[in-house]
Structure formats: structure tokens, C-alpha cells
Amino acid sequence: MRTGPEPLSVPVAMLAGPDSPFRPFVAAGAAAMPPTESELADAVHRATRAALLDLFRDHPGHRFYYVTLVTSGEAYGPALSAWSHQALAAESERQGCAPLDIKWSYADSPFCCYGEEHLAPVRPLFAARGDLFDLPDDAADAEFELRLRAMETAVARLDAEGLFGTGRDRDAVVVTVEVPSEPGDDERALRLNPPAALTDWRAEAAEPREV
């Protein structure tokens with residue numbers, strides 16, 4: 001049960017200020033009927049596909065190993081982040097840290113919030129469904145899950161289209177949907193990836209599981 005918004009572990013100036021990519025807004029003249037789960041999934045799918053195609057085209061020499069959609073505990077429309085092996089080497093050197101310290105950190109990636117020109121227009125659709133914290137607890141929980149399912153559906157659809165590669169190439173990439181302030185990230189990663197893709201992630205990033 002959520003009793004109120006929890007902060008993201010990202011730079012406040014980037015994600016908590018007036019220009020936060022998670023900050024909702026409703027476009028003028030928005031339709032009275034809120035979008036359905038299917039419509040949210042379609043919109044996230046189209047926007048994420050366009051953003052990733054830009055990312056891959058703009059960085060043709062990079063080998064990407066991690067792609068994620070990330071949102072806040074309010075389940076606003078997502079932002080995109082990703083890591084490549086080349087970016088990890090450069091960024092860990094710049095920060096003066098071990099690569100493993102930031103390997104799975106969406107917030108430390110130079111590609112955090114990539115493709116905002118595609119993803120920002122999706123956020124009014126999420127905002128049109130209202131604020132979770134204006135809802136009773138049970139309704140808020142159901143709405144939260146609906147929005148996360150829409151994002152997960154979008155990523156799964158991109159995977160089925162082959163955007164993350166096939167065969168051994170696909171096994172070299174972890175794709176997921178993250179909500180840093182809430183449980184469930186590991187379960188989404190397990191659903192969205194073939195087991196072979198998760199070998200390093202399980203050892204380095206997954207929450208320890210009780211035996």
C-alpha cells in the first residue's frame with residue numbers, strides 16, 4: 001500500500017524540479033475519456049521504439065547491455081535510460097569509480113532520459129487518468145498496476161519485434177521497467193528477459209532471494 005510519493009534515487013535537479021520528465025501535465029483540449037490500458041501501451045510502444053531507434057542510430061559503435069523504462073512511485077509516463085559497455089567504461093572513468101558501482105544505475109547513465117522528444121508527449125495520457133494519491137488505497141494500487149502493465153506490455157512488444165536482437169544478441173541485453181520507490185522491479189525483469197540474459201544481472205543487481 002502506498003501512503004504517499006517516495007523520492008527517486010536520481011539527481012533532484014533532473015527529476016524532481018519543474019522540468020522533471022516525470023512531472024505530469026494535461027494538454028489543452030485533452031479528451032474527457034481517460035485512455036485505456038491498451039492505449040497507454042500503444043503510445044509507450046511507439047514512443048519507446050522511436051527513442052531507441054534514435055539511440056541505436058546515433059551510437060552505432062556501442063554495444064548496449066541494458067535498456068529500461070523508469071517511472072516514479074506515482075507511475076507517471078516513463079523515461080528511457082540505457083547503458084552500453086562503451087558508455088560504462090567512459091562514465092566510470094569520468095566519475096572515478098568502479099564500473100560495477102554504476103553498471104545497473106539508470107540515473108548514472110549518460111543516456112538517462114534519452115529521446116524525450118518522443119516520450120514527453122506520452123505523459124499527458126498518464127496524467128489524464130488522474131493522480132494516484134487522490135484515489136482510495138485499493139483503487140490507487142489497481143491504477144498503479146495498470147500503468148506498469150502498460151509499460152511492460154510495450155517493452156515486451158518491442159522485444160517480440162526483435163528490437164533488442166535475437167538469439168545470442170538478445171541474451172546480451174537486459175530490458176526492464178523500473179520503479180525505484182516500489183517493489184516489483186525484479187519480477188518485471190524476470191518476465192521480460194530470457195534466463196540467459198540475466199546471468200550478470202542476477203549476480204550484480206537483483207535483490208537477494210530468501211531460500
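Predicted model: local features only at pLDDT ≥ 70, side-chain atom pairs only at ≥ 80, totals over all residues.
User: Helix 3 first. Which residues are buried there?

Analyst: Helix 3 spans residues 85-95, and A87, L88, E91 and S92 are buried in it. Seen down the helix axis, those buried residues fall within an arc of 120°, so they line one face of helix 3.

User: And what is exposed on the other side of helix 3?

Analyst: E93 and R94.

User: What covers the buried residues of helix 3?

Analyst: The cover includes strand 1 (64-70), strand 2 (79-84) and helix 4 (99-102).

User: Switching to helix 2. How many residues does it have, and what does it reach from first C-alpha to last?

Analyst: Helix 2 runs over residues 37-58 and has 22 residues. From its first C-alpha to its last it reaches 31 Å, close to the 32 Å expected at 1.5 Å a residue.

User: Cysteines now. How many disulfides?

Analyst: The count comes to 0. C112 is in no disulfide. Its nearest cysteine sulfur, that of C113, is 3.8 Å away, and a disulfide needs the sulfur pair within 2.5 Å.

User: Is C112 buried or exposed?

Analyst: C112 is buried, with a relative accessible area of 12%.

How values were computed
Residues numbered from 1 in each chain as written. Heavy atoms only, no water. Buried < 20%, exposed > 50% of the residue type's maximum accessible area, 1.4 Å probe, protein only. Helix = DSSP H or I, 4+ residues; strand = E, 2+ residues; numbered from the N terminus. Arc of directions from axis to C-beta. Contact = heavy atoms within 4.5 Å. Expected span 1.5 Å × (residues − 1).
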